[in-house]
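Good morning. Please look at the screen.

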Amino acid sequence: MLDKLKNHIAHHFPFLENKKLFLATSGGLDSMVMAHLFQQLDYKIALAHCNFQLRGVESFGDQKFVQDFAEANDIPVFITQFDTQAFAKDYKLSTQVAARDLRYNWFYELLETENYDYILTAHHADDNIETFLINLSRGTGLEGLTGIPAENGNIIRPLLLFSREEIAHYAEENKIEWREDSSNASDKYLRNKIRHDLVPLLKELNPHFIESFQKTQSYLQESAAMVEDASIMVYQQVVRQEEDEMHFNLNQLKRLPNYKSYLYQWLHEFGFSAWDDVYDLVDSQSGKQIFSSEFRLLKDRDSLILSPINFETENEEYCIEKGVQDVKIPLNLSFCKVDDISISSNTAIFVDEDKLHYPLSLRRWKEGDNFQPFGMEGKTKKLSKFFKDEKFSLLEKENCWILWSGDSIVWVIGYRQDERFRINSTTQNILKIDLE
């Protein structure tokens with residue numbers, strides 16, 4: 001097993017040479033075998049142990065076991081303790097997800113604070129099979145069937161080529177001690193039911209099941225890479241990026257024979273899961289939208305628009321005192337007195353400063369707001385009607401800021417000045433307002 005691992009690292013992870021490595025060490029069979037192997041290979045290692053405090057005295061027994069092993073073998077060791085149950089409750093997570101999040105967040109923190117290069121975990125081939133079957137049983141896309149990645153940034157999993165039987169055999173041959181996690185015996189967890197009941201049956205049906213599974217998963221990984229390449233090429237034809245928004249051209253999209261697959265490929269990383277609703281949005285009426293936890297997908301005429309959810313409230317307001325020359329939040333605006341004017345534009349207006357009532361204010365539009373569009377003397381228009389006439393999308397309306405003087409609109413910023421503040425023959429003080 002040692003020689004096999006050495007060749008595997010040389011072929012797949014040559015960059016580990018002369019690097020400082022943290023070994024994620026629970027005290028269980030897999031991580032203790034990994035620690036022994038990397039000791040033999042003479043890498044610069046330290047142990048990282050998380051005490052999740054989920055099994056009372058047993059959890060602290062695991063912690064002491066890892067500490068004693070590290071001291072006996074003169075290996076640096078780093079220990080942390082988590083109140084996992086409280087974290088899971090506070091963030092409304094399952095215990096397993098909470099433990100995973102706490103664990104990996106601490107790993108990344110360790111890499112930075114202790115100046116190490118990589119974290120190694122002891123996931124093996126049977127873990128990969130179990131993950132595959134869990135995802136398969138719940139329903140998944142191709143990415144859920146490609147297995148646990150051997151390399152994910154600074155996380156390396158060098159034991160994925162070994163079965164649980166190989167690891168146990170190595171531990172027996174080398175008289176390696178480990179701690180048995182009592183929760184591994186409980187079938188209340190889906191992973192344990194698969195481990196205890198389903199995988200042994202598959203191995204009984206096919207003695208070479210692991211080898212066959214690894215070959216199949218290799219093919220799936222190649223297919224996933226091909227799908228990714230294809231989705232990138234098509235993405236460039238269908239999607240237009242506008243600042244923090246993605247605009248999907250529906251006319252281009254619907255020409256694709258499998259456009260739903262492309263939508264899934266592009267959108268799943270943004271947290272969407274109600275895929276029937278996503279696909280229905282393509283043919284729905286304009287203005288319909290769906291949400292993930294952080295993003296919104298909006299149907300707007302011939303486009304789907306993906307954007308981050310704006311958590312600002314519609315009542316948010318910013319004051320601008322007289323004499324202020326530059327505003328940075330929420331927009332970059334500049335105010336300066338000038339002696340003459342040039343042609344107003346969408347990004348610069350000229351107003352009669354003596355007509356302004358300070359402080360000015362910036363806020364989002366509200367239903368019922370109205371103004372007098374530049375050039376429409378004596379006539380007012382509701383902002384909602386203005387937006388409709390100018391064919392604003394829902395996102396454009398939501399992102400629009402209004403400059404106010406008292407109860408009167410001075411500027412629908414970036415779009416139209418109000419007639420009431422325009423320059424005329426009696427104007428003595430001209431103020432130029434620029435949107436940068």
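Start with aspartate 326, which stands opposite serine 334 in S14. Before I go on, a word on what you are looking at: this is a predicted model, in which local features need pLDDT of at least 70 and side-chain atom pairs count only at pLDDT 80 or more, while totals for chains, interfaces and linings use all residues. Residues are numbered from 1 along each chain as its sequence is written, and side-chain values use heavy atoms, with hydrogens and water left out.

Back to the strands. Helices (H or I, at least four residues) and strands (E, at least two) are DSSP runs, numbered from the N terminus. Two strands count as paired if DSSP finds at least two bridges between them. Strand S13, residues 326-327, and strand S14, residues 333-338, pair in the antiparallel sense over two bridges. Valine 327 has leucine 333 in S14 as its bridge partner. What joins S13 to S14? A hairpin does, through five residues.

S14 also pairs with strand S22, residues 430-435, in the antiparallel sense over six bridges. There, valine 338 stands opposite isoleucine 430 in S22. Put together, this gives an open sheet of four strands in the order S13-S14-S22-S15, with antiparallel pairing. Which are the edge strands? They are S13 and strand S15, 348-352, and each pairs on one side only. As background, strands of a sheet pair through backbone hydrogen bonds, either parallel or antiparallel.

Proline 359 is placed in the loop between S15 and strand S16, 360-364. A cis peptide bond joins tyrosine 358 and proline 359, with omega about 0 degrees.

Two other loop residues are on my list. Glutamine 53 lies in the loop between strand S2 (44-51) and helix H3 (57-72). Its phi is near 55 degrees, a positive value in a residue other than glycine. Lysine 92, in the loop between helix H4 (84-90) and helix H5 (95-113), has a positive phi near 55 degrees and is likewise not glycine.

Are these two buried or exposed? Buried means under 20% relative accessible area, exposed over 50%, and partly exposed in between, using a 1.4 Å probe and protein chains only. Glutamine 53, at 36% relative accessibility, counts as partly exposed, and lysine 92, at 75%, counts as exposed.

Now the whole protein. How many helices and strands does the protein have? There are 14 helices and 22 strands. The radius of gyration is 31 Å, well over the 22 Å that the globule rule gives for 436 residues, so the protein is more spread out than a compact globule. That radius is taken over C-alpha atoms, and the rule is 2.2 Å times the number of residues to the power 0.38. Along its principal axes the C-alpha trace spans about 100 × 50 × 40 Å.

Buried residues make up 43% of the 436. Taking contacts (heavy atoms within 4.5 Å) with a separation of 6 or more, residues 24 or more positions apart account for 66% of them.

That is the end of my list.
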